[in-house]
Amino acid sequence: MCGIVGYFGSEKARQYLLEGLSRLEYRGYDSAGISLLDHETDRFISVKTVGRVETLIKRTSHLKEAQLGMGHTRWATHGGVSETNAHPHYAYNGRFIVVHNGVIDNYKTLKADYLKGIDLVSDTDTEVIASLMARLAEKMPVEEAIKETLELLEGSFALLILDQDHPNVLYGAKNKSPLILASAQDEWYIASDLLALPSNTEQFHVMNDHTWFKLEAKKLTAYHAHGSVIDFTFEAFKDLGPLAERGEHAHFMLKEMLEQPTILETLVHHHQTHAFDDALIQALKDATSIEILAAGTSWHAGLVGKHYFEAALNKPAHVHIASEFAYHPPFISEKPLFIFISQSGETADLIACHPFIKSKKAPLLTLTNVPTSSLARMADFVLDLQAGPEIAVASTKAYTAQITLIALLCAYIEQNEATAQELLKIASMMRVFLQDHIKMQPLVKELLTNHHAFYMGRGFDYLTGLE
């Protein structure tokens, strides 16, 4: 649940970094920090704080604007919640500064092998990354030190790296954790989430695993992990605008609940005018089984989808919890088709399942709310939930969109035109029901505040009860 932002451009690094971190608050975090280049000293200044970005804004109000900087919101994994464990982290000699999303599995081994006798101040795996670079940079050029560090890291990471010895350069690297590079005229933005990009963004690139970059004032150089130069291809950016804002609603969850009828209608109308891919339909028909992989809410949607697929295709469908499948895959039929269901398209447990699926040389369909995501780019086929960003932690509109999309796909296979009309009726009834949400509040408070709740049902109602 950590968040990363970076900036290189005109004199507004502090402004963008704090705005970007504020837009990532929905992800949940326990501390935040930024590093900015001080043009008078050509050194980076860092400020870290426990708690909300609002506190960080106040504590950095004295800092001048800068042309280069990076920021981070942390959700504690290695070590408790403290300013010391908050990002950015410095190398033991102060040279490198790093912000990091992800988990380095072998950080203790790296610490023992390369940093023996060096006192580190935090409990984090991130400080090990920064210090490892510093130790390697003592005997090789900086870019070689970064490349070798990346080759030594095992696990997941999205990194931004600053070097006090080369203060006009920003480095970034990605493996398994999302990282996006974007631009607008002479400004560069880096973020772990599209929502953190500003409205003036013109183009963006979603980084692939095992890639990294060097960003100078007006020059971007991209590399594969082993050091060969590669090209980053960019695509046009579409501002999410009101979809990413709370508006007049008390909180995002209420806003997203009220959006459900419109999203359902959008999906129906889209697939009435845009046929499903013929190659996807043929792959579903050719498969000997449908293997659905998901986690949490998406797993519950998959349980519903199982029944739709079995009815439409007259073949078995199985639903797997991704975290279990990744480490203990069950027996799979001779010619399966796999389906990933993920709101974000960045579900780590699903990403961990991909090597097994690739080894099977089986077709993969991803249902996601983010068609630029890692899971979308892994897949042979992608279906967009078209629900807009889901910012509330508890899923509402993504869940209903997942079930609606599966229902429409299966209706298309069965050539059942009535399903679309029934879904539009449901959307209409949902809208009427949700219009009375203010009247429901006292009833909910009376019935649920001081009582236990039991959800009971059979068949589809049982599956809804699970969610």
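This is a predicted model: local features need pLDDT of at least 70, side-chain atom pairs count only at pLDDT 80 or more; totals for chains, interfaces and linings use all residues.
Residues are numbered from 1 along each chain as its sequence is written, and side-chain values use heavy atoms, with hydrogens and water left out.

Helices (H or I, at least four residues) and strands (E, at least two) are DSSP runs, numbered from the N terminus. Two strands count as paired if DSSP finds at least two bridges between them. Strands of a sheet pair through backbone hydrogen bonds, either parallel or antiparallel.

An open antiparallel sheet holds seven strands in the order S5-S6-S7-S8-S12-S13-S14. Its edges are S5 and strand S14 (229-230). Each edge strand has a single partner, so one side of each is left without a neighbour in the sheet.

Within this sheet, strand S5 (residues 89-90) is joined to S6 by two bridges, and the two run antiparallel. His 89 faces Val 98 of S6 across the pairing. Five residues separate the strands in the S5 and S6 hairpin, where Gly 94 takes a positive phi near 80°. On its other pairing, S6 meets strand S7 (residues 157-163) in the antiparallel sense over six bridges. Here Val 99 has Leu 160 of S7 as its bridge partner.

Burial was assigned by relative accessible area: buried is under 20%, exposed is over 50%, and partly exposed is in between (1.4 Å probe, protein chains only). Strand S6 (residues 96-101) is largely enclosed by the rest of the structure, because six of its six residues are buried. In a regular strand the side chains alternate between the two faces of the sheet. In S6 both faces are covered. Phe 96, Val 98 and His 100 are buried on one side, and Ile 97, Val 99 and Asn 101 are buried on the other.

A second open sheet has five strands, paired in parallel in the order S17-S16-S18-S19-S20. Strand S17 (317-321) and S20 stand at the edges with a single partner strand each, so one side of each is left without a neighbour in the sheet. Neighbouring strands are turned by 20° against each other on average, direction ignored. For these angles, axes are lines fitted to C-alpha atoms, for helices over the stretch in contact, and angles run from 0 to 180 degrees between N-to-C directions.

Strand S16 (residues 289-294) runs parallel to strand S18 (residues 336-342), and five bridges join them. Leu 293 stands opposite Phe 340 of S18. Strand S19 (residues 364-368) pairs with S20 in the parallel sense over four bridges. In that pairing, Leu 365 lies opposite Phe 381 of S20.

His 87 and Pro 88 are joined by a cis peptide bond, with omega about 5°. Pro 88 sits in the loop between strand S4 (68-74) and S5. Asp 42 is not a glycine, yet has a positive phi of about 55°. Asp 42 belongs to the loop between strand S2 (31-38) and strand S3 (43-50), and is partly exposed at 35% relative accessible area. Lys 361, also not a glycine, has a positive phi of about 55°. Its loop lies between helix H11 (348-360) and S19. Lys 361 is exposed, with a relative accessible area of 77%.

A disulfide was counted as a pair of cysteine sulfur atoms within 2.5 Å. The count comes to zero. Cys 2 is buried at 14% relative accessible area, and Cys 353 is buried at 1%.

On a 1 Å grid over the protein atoms alone, a pocket is an open set of points with protein on both sides within 12 Å along at least five of seven lines; lining residues have an atom within 4 Å of a point. The second largest pocket has a volume of about 1,500 Å³. That volume is the space filled by probe spheres (1.4 Å) set on the points, which are joined across faces, edges and corners. The lining comprises 40 residues, and Gln 260, Tyr 399, Thr 400, Met 430 and Thr 464 lie nearest the centre. Helix H13 gives the most to this lining, with eight residues.
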